[in-house]
Amino acid sequence: MNGPAAGLELRDVVAGYGGQPILHSISFSVQPGERLVVVGPNGSGKSTLMKTVVGLLRPMSGAVRLGGADVTALGAPARAALGLAYIPQETNIFRNMTVLENLHVGYEFVAPSKGPTFSERLEAVLGLFPEIRVKLRSTAGHLSGGQRQMVAMAAALMPKPTVLALDEPSAGLSPRNAGLLFEVIGRVAASGVTMLIVEQNTQLGLGAADQGIVLVNGHVRLAAPAMTVRTDPEIRRLYLGGV
Amino acid sequence: MGQLLVNGIVAGLLLALPALALSLTFSVLRFANYAIGSYLTCGAYLVYIGNVVLGMPLWLAAGAGAILFAVLAVAIDWLAYRPLRDRSGVTLLVASMGVAIALENVIRFFAGNSPRAYDVAVARPIRLGDVRLNHEQLTILMVVIVALAVVWIVFRFTRLGRMMRAVADNPDLAAVRGITRSRVVACVWLISGILVALSGVLVGLDANIEPQMGWTYLLPVFTATILGGIANPMAAVAGALTLGIAEEFATLVMPVHYRMIVTFLVMVALLLLRPWGLFGTRWVTK
Ligand SMILES: Nc1ncnc2c1ncn2[C@@H]1O[C@H](COP(=O)(O)OP(=O)(O)OP(=O)(O)O)[C@@H](O)[C@H]1O
Ligand SMILES: [Mg+2]
């Protein structure tokens, strides 16, 4: 880890594309070491929220704070160097590079020079995902969907991030592999990494979280402990109905 | 037959460096730099200044000129292309046409229209059996092969190579993995600037140095690059060799000065049948 776990906070964030806001005044915070899961219907702005958090999208107004520091003005590379790792929803690997090169790129541009070496991190990450060890020399784009998801996750974990942003990590995985992936997510979280997770498998996602947020049409409909969000039938009807 | 093959390989290698440069900038910047012909001419003239005006030996003038031109390529990017970075590839293509015309006129203004030649000793061709290889061809062979090997090693095995390939593959993911795009863009212009300037010298050795020299190469370079699959730099080299050899063998069935038609036909056939290139399928985009 780059240091002690850092928290993440959004204050009145308005963001969108081409001057059109998609997110309307979003505020929430994730305490250091906590897991926050965002659920909501398709097109509600979950991925847009993630891109704003990691710095691929500049908010039109509002502030993003990471570990107590205002990072709103920083681009994605600078936020990554502060210990924020991200796995996008789509194309989350370098398809024309080998698995090993993917892990290398995940490590070398953000890992602190005083921290663990590449080979130490490689062993640690392969310990979490033993299935990809035999695939290290394969072109990443030729792997199966499930294997790619593992490579994406492994690459993001290479620099030992303090905050991890995951956009639909279980997409395309079999129920069994989705379960296994969330087991790994649980283990990573247990080591003190702060997590922001978008997940369409609400039972799995909310089951692994401390806090939950329901995002509908770019508004936070509800922010509550994950347990409450998961079990409340009214809430389930609300967002599953795609209001 | 052997002679044709050798000539074809040399012609192909002559195309390989600018084709590699074109494809390298395309893979990272997503626009086809139409000014590449003028870049080639400009590099050739810069080296001419070192070699003939300042009296440096050609290898020294070529090294200095290539580095100077690489810096110039970065400067052109800052002035002309960077402000348009978020526009479409077509806008940038048009901008690069403007750059091409501007560069060429600057060259004409200072150097005039008459052809010039580098100051090199004339040497007797080398004979290997019934195949003749003159010194210019030997120089082309060696310089291009060394340059290609260096670029390949940088691409495969270095941090800089991984940076460039990562941005070419997935710019957003590269950014969140800590790679600053503007730095990669500058490196790409430096490398392709060096490659194009060197190829300008080689073309100048093979023929003459004159303001039109880059134009003559524009169509074959684009054809070779598309033949390889435009976003895949190393395949552009294969495309260049294929085209060079095809042009040379075409002289068996048609007059020498019609060989440009071969390039045209290859280009048209490619655009109709395989716009992603002969070797382009290895680039995974699914
Ligand atoms: N690059 C873009 N340019 C313009 N509009 C976009 C862009 N990306 C997304 N949008 C729009 O923003 C809205 C929210 O998209 P977003 O991808 O954030 O939704 P999401 O909640 O992640 O959906 P899903 O569950 O399907 O992943 C959609 O209406 C979409 O059309
Ligand atoms: Mg999404």
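Here is a walk through the ligand site in chain A and then the aromatic contacts in chain B. Keep in mind that this is a predicted model: local features need pLDDT of at least 70, side-chain atom pairs count only at pLDDT 80 or more, and totals for chains, interfaces and linings use all residues. Residues are numbered from 1 along each chain as its sequence is written, chains are lettered from A and ligands numbered from 1 in the order in which they are written, and side-chain values use heavy atoms, with hydrogens and water left out.

Start with ligand 1. The residues around it include A:Tyr17, A:Ile22, A:Gln89 and A:Glu168, along with A:Pro41, A:Asn42 and A:Gly43 (a residue is near if one of its heavy atoms lies within 4 Å). Helix α1 of chain A, residues 46–54, gives the most to this shell, with three residues; helices here are DSSP runs of H or I with at least four residues, strands are E runs of at least two, and both are numbered from the N terminus.

Now for the polar contacts, meaning pairs of N or O atoms within 3.5 Å. A:Ser47 puts a polar side-chain atom 2.7 Å from a ligand 1 oxygen, and a polar backbone atom of A:Gly45 is 3.0 Å from an oxygen of ligand 1. A:Tyr17 has a polar side-chain atom 3.4 Å from a nitrogen of ligand 1. On its own, ligand 1 has 630 Å² of accessible area, and the protein covers 59% of that (Shrake-Rupley method, 1.4 Å probe).

Over to the aromatics: there are nine pairs over all chains. Rings of Phe, Tyr and Trp (its six-membered ring) pair if their centres lie within 6.5 Å, with planes under 30 degrees apart called stacked, over 60 edge-to-face and the rest tilted. B:Tyr34 and B:Trp215 have ring centres 5.9 Å apart and planes at 70°, so they sit edge-to-face. That pair links distant parts of the chain, 181 residues apart: B:Tyr34 is in the loop between α1 and α2 of chain B, and B:Trp215 is in helix α9.

Another edge-to-face pair is B:Phe109 with B:Phe110, centres 5.1 Å apart and planes at 85°. B:Phe109 is exposed at 67%, and B:Phe110 is exposed at 69%.

Finally, B:Phe31, B:Tyr39, B:Phe69, B:Tyr81 and B:Trp189 form one aromatic cluster.

Technical notes
Polar contact = N/O pair within 3.5 Å; in protein donor to acceptor, adjacent residues only side chain to side chain. Buried < 20%, exposed > 50% of the residue type's maximum accessible area, 1.4 Å probe, protein only.
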